[in-house]
Amino acid sequence: FSWTLPPPLTVFFTVPLPKMATDVLKSFASGWMGGVALLLVGHPFDTIKTCLQADSVGRYRGAADCLRQTVSQEGVLAVYKGVGPPLAGVGVVFGTYFLAFDPAEKLLREVRQTPTAEVLGLG
């Protein structure tokens, strides 16, 4: 993991980050990226589902027809309508999950004396 900063900020951060800080940054960044990826993959399905639920006239014959009509009338990015607000929060939420999970897993492995290669379970 390499941490590089733009030239103006390197003056303030000349001391390398300790291992614990880089682990925390890695955990949070991994969770944030995973959350954003999850949202970007799942949001189009949610948009189509919402269009189908709001269709009281019977304009669509199903999910595929709804997708086809939406993309042909409004463009491909129409399936990402309303993605802004969830995008603002999902990275923080999943980053926090990962931030809590990694130290908790490490603590449980130390308490149970479970090697890293072994699955950590309740049994």
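Trainee: With which residues is Gly 31 in contact, leaving aside its neighbours within four places in sequence?

Mentor: Contact means heavy atoms within 4.5 Å. By that rule, and with those neighbours set aside, Gly 31 meets Gly 91, Phe 94, Gly 95 and Phe 98. This is a predicted model, in which local features need pLDDT of at least 70 and side-chain atom pairs count only at pLDDT 80 or more, while totals for chains, interfaces and linings use all residues. Residues are numbered from 1 along each chain as its sequence is written, and side-chain values use heavy atoms, with hydrogens and water left out.

Trainee: How many residues apart in sequence are Gly 31 and Gly 91?

Mentor: They are 60 residues apart in sequence, yet their C-alpha atoms lie 6.9 Å apart in space. For the protein chain, 54% of contacts between residues at least 6 apart in sequence join residues at least 24 apart.

Trainee: Is Gly 31 buried or exposed?

Mentor: Buried means under 20% relative accessible area, exposed over 50%, and partly exposed in between (1.4 Å probe, protein chains only). Gly 31 has a relative accessible area of 0%, so it counts as buried. Of the 123 residues in the protein chain, 20% are buried. Gln 113, in the segment after helix 4, has 69% relative accessibility and therefore counts as exposed. Gln 113 also has a positive phi of about 55°, although it is not a glycine.

Trainee: What does the secondary structure of the protein chain come to?

Mentor: Helices (H or I, at least four residues) and strands (E, at least two) are DSSP runs numbered from the N terminus. Here there are four helices and zero strands, in the order α-α-α-α along the sequence.

Trainee: Where does helix 2 bend?

Mentor: A bend is the angle between axes fitted to the seven residues ending at a residue and the seven starting there. Helix 2 bends by about 40° at Gly 42, with Pro 44 following within four residues.

Trainee: What covers the buried residues of helix 2?

Mentor: The cover includes helix 3 (63–74) and helix 4 (84–112). Among the buried residues of helix 2 are Gly 35, Leu 39, His 43 and Thr 47. Thr 47 is buried because its relative accessible area is 7%. Beyond four places in sequence, Thr 47 touches Ala 78, Val 79 and Lys 81. Val 79, with neighbours within four places again set aside, is in contact with His 43, Pro 44, Thr 47, Ile 48, Leu 67 and Val 71.

Trainee: Which residues form the largest nonpolar core?

Mentor: A nonpolar core is a set of buried Ala, Val, Leu, Ile, Met, Phe, Trp, Tyr and Cys residues joined through side-chain atoms within 4.5 Å. The largest has five residues: Ile 48, Cys 51, Tyr 60, Cys 66 and Val 79.

Trainee: Which element gives the largest share of the lining of the largest pocket?

Mentor: A pocket is an open set of points on a 1 Å grid over the protein atoms alone, where a 1.4 Å probe fits, with protein on both sides within 12 Å along at least five of seven lines; lining residues have an atom within 4 Å of a point. Helix 2 gives that largest share, five residues. The lining includes Lys 19, Asp 23, Ser 27, Leu 99 and Asp 102, and the elements giving two or more residues are helix 2 and helix 4.
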